[in-house]
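Dear colleague,

I am passing on the structure below, followed by notes on what was found in it. Please read the notes with the coordinates open beside them.

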Amino acid sequence: MKVKLINRSEEKYTRERAQDVQKVHRNLDPQLHPFEKAVEYTRALTAAKMDRMFAKPFVASFMHDDGVNCLARNPKRLNSLLSGSADGDIRIWDVAAKRCLRKLVGHKGAVRGISVTPDGSHAISAATDCTVKMWNVPFAPFVSGQVQTDDAPVVEFVGTHAFLGIDHHSTKNQFATAGADVQLWDHGHIEPLSTFSWGSDTVTSLRFNPAEPDLFAATSSDRGIVLYDIRSSTPVRKVVMQMKSNAVSWNPMEPLNFTVANDDSCLYSYDMRNLSMSTCVHKDFVSAAMDVDYSPTGKEFVAGSYDRTLRIFKTGGGHSREVYHTKRMQRVFASLFSGDGTFVFSGSDDMNVRVWKAEASEHLGTLLPREKQKDVYNKALIEKHKHLPEVKRIIRHRHLPGSIYKAKKLRRDMEDSEAKKLRNRIAHSAPGAVQVKPARKKKIMKELE
């Protein structure tokens with residue numbers, strides 16, 4: 001009689017260190033695992049369900065005394081956030097400790113823009129009271145509890161008109177302001193160094209290019225998007241859209257590209273080398289998009305809207321991958337990514353600054369190696385099976401408020417009706433008589449140089 005035995009040496013299978021990998025015997029012959037694909041699909045389905053079950057993105061909220069108009073992050077400190085409100089109040093928040101560090105008192109009008117200097121030591125704010133003020137930005141102390149105190153401005157710059165936006169140069173002690181025209185200022189001068197204008201309409205927002213720091217883009221109330229170079233005395237290029245743009249943000253990893261938030265509820269990405277058409281149209285909002293900001297990775301951006309929602313878009317995606325809302329959140333005027341891309345911030349009309357997770361189901365805190373491996377494996381499973389109907393339905397589903405759901409359905413019906421009308425016109429017209437403009441060119445009226 002022949003007996004087969006499994007003989008294994010304990011020395012070969014005992015780990016010397018806790019970090020060593022356990023030896024596991026597994027025969028990879030596919031004939032021995034006929035249900036491998038079915039098991040993997042079931043795991044992917046379970047991973048997708050668990051991902052949505054644990055999607056709890058809201059982290060914290062910080063209170064103001066009036067509606068929040070603008071947000072800014074400190075480039076040198078991850079836990080530092082600045083917010084400006086309609087009552088002229090500016091607050092510096094310690095995000096990690098969920099507390100207010102400073103209350104900056106000095107503006108008599110609504111604060112419309114905040115920017116932090118590259119070294120992170122000072123902040124510059126612009127308000128509708130025709131003043132720009134410079135403030136000290138403190139470190140967050142190690143002591144716990146409330147440490148809020150009031151601070152006065154260090155320097156004050158007085159203008160001739162209300163300011164609607166501001167951004168600081170990335171290498172020089174200079175900053176640009178938006179208002180009746182674009183003005184370039186220096187820390188050591190109380191008068192502007194230069195003034196830029198193209199037309200007579202108001203400039204609503206501006207942002208410096210992260211790679212070419214002397215170049216910046218601005219949006220104006222005459223529906224224009226303008227590129228300026230501070231080394232020349234005149235603007236470089238301008239494109240006029242069908243509706244007004246409210247905010248602009250540059251891609252930090254691809255600094256030739258920028259995205260604007262438009263009043264037609266869409267966002268448009270452009271390559272500054274070719275402004276005759278947008279590179280991508282980002283849809284999903286049902287009301288005007290008010291603000292936009294890129295992630296430090298450059299792979300996605302966050303946008304806030306007048307329809308009381310916050311959405312996260314992939315850089316090349318036409319639709320949002322995530323939507324955040326609460327029952328109490330009102331019109332979102334400011335949106336911002338954190339310095340490490342882990343969180344997003346929103347400032348809304350209900351006097352709150354809210355902190356959200358960029359990945360809704362992400363675990364906060366320290367994870368064990370096994371937990372990290374499990375997360376990576378689940379994400380890989382979802383990515384592999386995301387095209388299958390059941391998995392696709394689960395990972396795409398998002399709950400929306402009733403008013404937004406109905407408005408979105410109505411907008412979809414209107415778009416389908418317009419598309420049907422266009423198809424009928426083409427079918428009943430001579431070949432080539434009806435010129436169809438692509439969606440990326442449809443909203444652009446003209447380009448000026």
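The sulfur of C70 lies 14 Å from the closest cysteine sulfur, that of C100, which is too far for a bond, given that a disulfide is a pair of cysteine sulfur atoms within 2.5 Å. For C130 the closest cysteine sulfur is in C70, at 16 Å, again too far for a bond, and a search of the whole structure finds zero disulfides. C70 is buried, with a relative accessible area of 6%, whereas C130 is partly exposed at 25% (buried means under 20% relative accessible area, exposed over 50%, partly exposed in between, with a 1.4 Å probe and protein chains only).

This is a predicted model, in which local features need pLDDT of at least 70 and side-chain atom pairs count only at pLDDT 80 or more, while totals for chains, interfaces and linings use all residues. Residues are numbered from 1 along each chain as its sequence is written, and side-chain values use heavy atoms, with hydrogens and water left out.

C70 is also among the residues in contact with I114, as are L71, A72 and I166, leaving aside neighbours within four places in sequence (contact means heavy atoms within 4.5 Å). I114 is found in strand β6, residues 111–116 (strands are DSSP runs of E, at least two residues, numbered from the N terminus), and is buried, with a relative accessible area of 7%. The C-alpha atoms of I114 and S125 are separated by 4.4 Å, although the two residues are eleven apart along the chain.

Best regards

Key: Helices (H or I, at least four residues) and strands (E, at least two) are DSSP runs, numbered from the N terminus.
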